[in-house]
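Dear colleague,

Please find below the sequence and structure that I am handing over to you. My notes on the contact between the chains come after it.

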Amino acid sequence: MNNNIDEKDILTFVDAVSGFFFQVTQEKVEIKAAYLTEGGMVPSTYDLTSYITLSGDYVGRIYFSAPRSMVAHLLMAMGEQNRLEDRLLDATGEIANTISGNARKHFGETMEVSVPTTQATDANWLKSVVPPHSYVILVKWKQYRASVVVDIQRVV
Amino acid sequence: MDDKVSIFRKYRNILVAVILFVTADALVIGINFYNTYRSDESGVSINLSGRQRMLSQRTTKVLLTLNEALNNDDESIIKANVKELSLAVGLFDTTLEGFRDGKIVTGGDMKPVFLVKVNTEKSVDFVKNTYGIWDFYKRLLKGLYVPLPEGYIPVAGGKKVGEVTDDEIMESVRFIKSNPERLYAAALYAQRNNLKILGFMNDLTTDLEFVNNERAAKLRIVLVAGIIFAVMNFGYTVVVSIRDLMKTDAELAKARGETVEILSTVREGLFLLDKEKKIGTQFSESLPVILRRDIQPGSNFLTHLEAIAPKNIYESAVDYIELLLGDRVKEALVASLNPLTNVPVIATDVLGSAQTRYLSFFFNRVLQDDVISHLLVTVQDVTDKVVLSQQVEQAKNLAKTEIETLLRLASGDFASLQQFIAATGESLAQINEKLSVPHDDVRERLHTLNYIMRVVHGIKGEAAVLGIDVLESYAHECEKEMVTMRESGDSLSGDQMLRIAVLLEGFYQRHSSLAQVVSRLGDALGKTQPQSAAETGASTHPFVGHVSSLAERIATDNGKQIEISCQFEKLFSLPSHVVQELQGISVQLVRNAVTHGIETPQERASRNKPQSGALCLWCEYLGNGQYDFTVRDDGRGIVPARLREHFVKNGTLSASEASTLNDNEIANRLFMPGVSTAQTANKDAGHGIGLDAVLEKVNKMGWHLLVKSRANRYTEFHIQFNTTS
C-alpha cells in the first residue's frame, strides 16, 4: 500500500507529534517500535483516535491514537483544568492538526488535507479501517504509549 | 617576482612620501649641522677679536708701567711686567696671524683652538691695516719681552704662551736696563697707535658678528623651510595613506562581501582543512545544515566525521586525508580511492529523530608556493541522488524478477521456487513481528537488529541458491545498512527501527511481485503445488545443482577454483522442515568455506595443494535416528593464533583479552554477531552474520554443532541431530 514513501516521509508525521509534545511539555516522544500491518500484525488502537485524510499527489490517511490518560496528562501539563471527554477529543484533534501542518510543509501545497476527525475508539477500530502494508509507529511519552499509523501512497 | 612588483605598486605613493621625508630631513639636519659648526667657528673668531682689543690695551699699559718702574729702578716690577708683556704680545701676535692665515691659536681658556682665516673683504682689510701698525710695533718691542719660538703652534700639554723662565725674563730686564730708549720709543708708539689698533679690532669684531648673524638668519630660513616641507610631506603621506587604505579597505570589503555571498549561497558545504585537520574560519552556511552538526571555526573535522560516518569508512577517510595532506602521491592518482563518496550517515533533526542520509566529500589540494597548505573540502548531500538510483535499481530489479522467474520456470525448478516464496513470506512475517515489540533500550534494539540480520542473511543465501538476484541483492543492500546501524552501537535509535520497517516493506514488495509472477505463470503452466524431486522425475534433488552453482559463482567472484561434491541420499528422506533448515545452514557454510576456507590457486600451490579446493557436503545416518550433516573444505583451517592476531588488529579484542582467552574461546568468537575474518565486506562475506545465523538455527532446532579443523588442512562443520526426539 505504501508505495514510494520512505522513512523521511513517515518521520514527518512522527516529528509533528513529537514537536507538539515538546512544545507543550519540553519532552519529546520516542519511537519504541515500527512495523507493518502485514503477516497478521494489526495496528494498536487506543481510547482516542484522530485522523486526517490526504488527497492530491498522495492519498490515504494518517492516524494518531492515544489512551485517555495520556491526553489527560497532556492537558494537565498545558495547565488546563477541563479534562472532560470533549476536551480530550479536541486535544487529540489538535495533534492531528499539527500532523496536517507538517504534511503540507513536507509534501507541498498541492497536497489537500482534510480537517481532523476525532473519535473515541475501541481496541479493534484501527484494525478494521487500516489496510495491509501500512506503517504502525509506536511512540512513548512519559509512561504512556500511543500509535501513529501511516496509510498513504503516491498516486502520481 | 610578480608579487614583489605588485606590492611595490600598491605601496608606491607611501614609499615615495617616506623617501622624500627621509631625504629632506637628512638635508635639513646636514645644513643645520654645517651651520652650527660654522657658528662655533664664528664664536671663536668674535671672542678672539674682542680679546685683541684687550691685549692691545694691556700691552700699552704694561709698557707705561715698565717705563715708570725703570725710572724708579724697581726690578721686581720690571720682571713682573716683562712676563705680562710676553704673554700679551705672544697672544696678540699669534691671534693676528690666525686671523690672517687661519691656524691653531691659544683660545680664551688658554687651550688650543682653530681660528678661521677671515674671508670678507672688510675683515681682510682690517687685519691688513692692523699689521701695518703691528709690524713696526713688534720690531720696537723686540728685546723687551720673551718671544715665542719661531713657527709656534699651541698644542695640548705643550708650551703655553706667556710660559717663560726667570732666565729669559732676566735677559729682557737686562736689555731694558741697557736700552731705556727702546722702552720709551715703544711706549710712545703704543700711546700713539693703541686707539688705531683698537679701532681695527673693533671693526673686525663688528664684521665677524655681522657675518655670523647673516649665517644664523640663513639657518633660520632653512629650518623654517625644512619644517614647512616636513609638515607638507606629513600631510601628503597622511592623505595618500588614507586614500590607499580606503581603496584597499573597499577592495577587501568587496572581496569579503563576495566571499560571504558565495558561502551563504552555495548549496554545497565548503571549507578549508588545515594540516591539523581543523576547519577554517570561513565555511559555507550549508555546511552545518548538511552535516546536521554545530560547526565551530577551528573545530576538528575528524571529530565531526567520526560522529556521523560508519567506523570503517571513518578509518579509511583518516588515512586518505593524511595521504592528501602529504606530498608523496599525486592528487589525481588517489582521487579514485576517496572513501567518502555516498557515505551513509546517521543524523538527527531538530527533534532528535535519526535519519540515514548520504553525503559525498570531495577534496582538492590548495598550494602556496608549491607547498600543500590546505585541502578545499566540498560536501554534498547526495541523499536524493542515491535514493533515486536505489529506486531505479529497485524498478529494474522488479522487472528482472519476472524474467528470472520465467527462467526458473523454464529450468523446471518450480517446486524450489514455490518453497522459497513460502519460506521467505514466513521470514518476513517473523521480522515484522519482532519489529512490533516495543523496545525500551538500545540493548533490546541491538538484539532485535541481530535477529533480523540473521533472517535477512538466510533469505539472501536461499535467494542466491535459487539465483534470484533481485532478492539476493536487496538483502545484501539491507545488510549493509543494518551493519552501519549496528556500528552506531549505543546510538541505535527507534528512528532507525523505522528505517528497518521501510526496508521490510521493500522486501514485501519484491516478495509480492515474485509471488504474483510465480502464481500467474504457475497457473498458466498448471503447476499449483510444490513438487518433490521424485515427482518431477529428476535424478538428483535440484538443491544439489543450486548449491553447486552458488559455490562456483562465489569461487569465481573471489578468484578461486573449487570442486564440489554432495552426498545427499539420506538428506531428502528426512522431514521437509528438517531438509529446509539444513539447506539454509548448508548455504551459509558453503559461503563461509569458499570465501574464508579455500585458498586462492596461488596460495594453494605454495602449500603443495591442488589448485582447486575440495568442498564436500554429505549427510550420514549414524543409527538410532541420529544423523550427521557435514560441510568440509580442504582450505586454510581455523587457526586460533591467526584469529587472535586478526581480532586484535581489527579491534574486536584488546591484546590483553586475546591473550587470556583459550583457543576454543577464540574460535567461538566466530559465531558472535558482527565478527568476521574477511578483510573487506562484499556480497558473500564480511558482515559477520553467516556463522551467527547458523548457530541460531542449530540452537532453535535443538541440534548440536561440532567444528573440527587443522591448520592449512581442512575445516569440518558437523550438524548432529536426532529425528526421533
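The notes below concern the interface of chain B and chain A, and then one residue within it.

This is a predicted model, in which local features need pLDDT of at least 70 and side-chain atom pairs count only at pLDDT 80 or more, while totals for chains, interfaces and linings use all residues. Residues are numbered from 1 along each chain as its sequence is written, chains are lettered from A and ligands numbered from 1 in the order in which they are written, and side-chain values use heavy atoms, without hydrogens and water.

In chain B, 30 residues are in contact with 28 residues of chain A (contact means heavy atoms within 4.5 Å). The two chains bury about 2500 Å² between them, 57% of it on carbon and sulfur atoms; buried area is the accessible area (1.4 Å probe) lost on putting two parts together, summed over both.

Five salt bridges are counted between the chains (a side-chain nitrogen of Lys or Arg within 4 Å of a carboxyl oxygen of Asp or Glu). B:Asp440 forms a salt bridge with A:Arg145, with the closest N and O atoms 3.7 Å apart.

B:Asn432 lies in helix 12 of chain B (helices are DSSP runs of H or I, at least four residues, numbered from the N terminus). B:Asn432 counts as buried because its relative accessibility is 0% (buried means under 20% relative accessible area, 1.4 Å probe, protein chains only). Leaving aside neighbours within four places in sequence, B:Asn432 is in contact with A:Tyr35, A:Leu36, A:Glu38, A:Met41, B:Leu504 and B:Tyr508.

Yours sincerely

Conventions
Helices (H or I, at least four residues) and strands (E, at least two) are DSSP runs, numbered from the N terminus. Buried means under 20% relative accessible area, exposed over 50%, partly exposed in between (1.4 Å probe, protein chains only).
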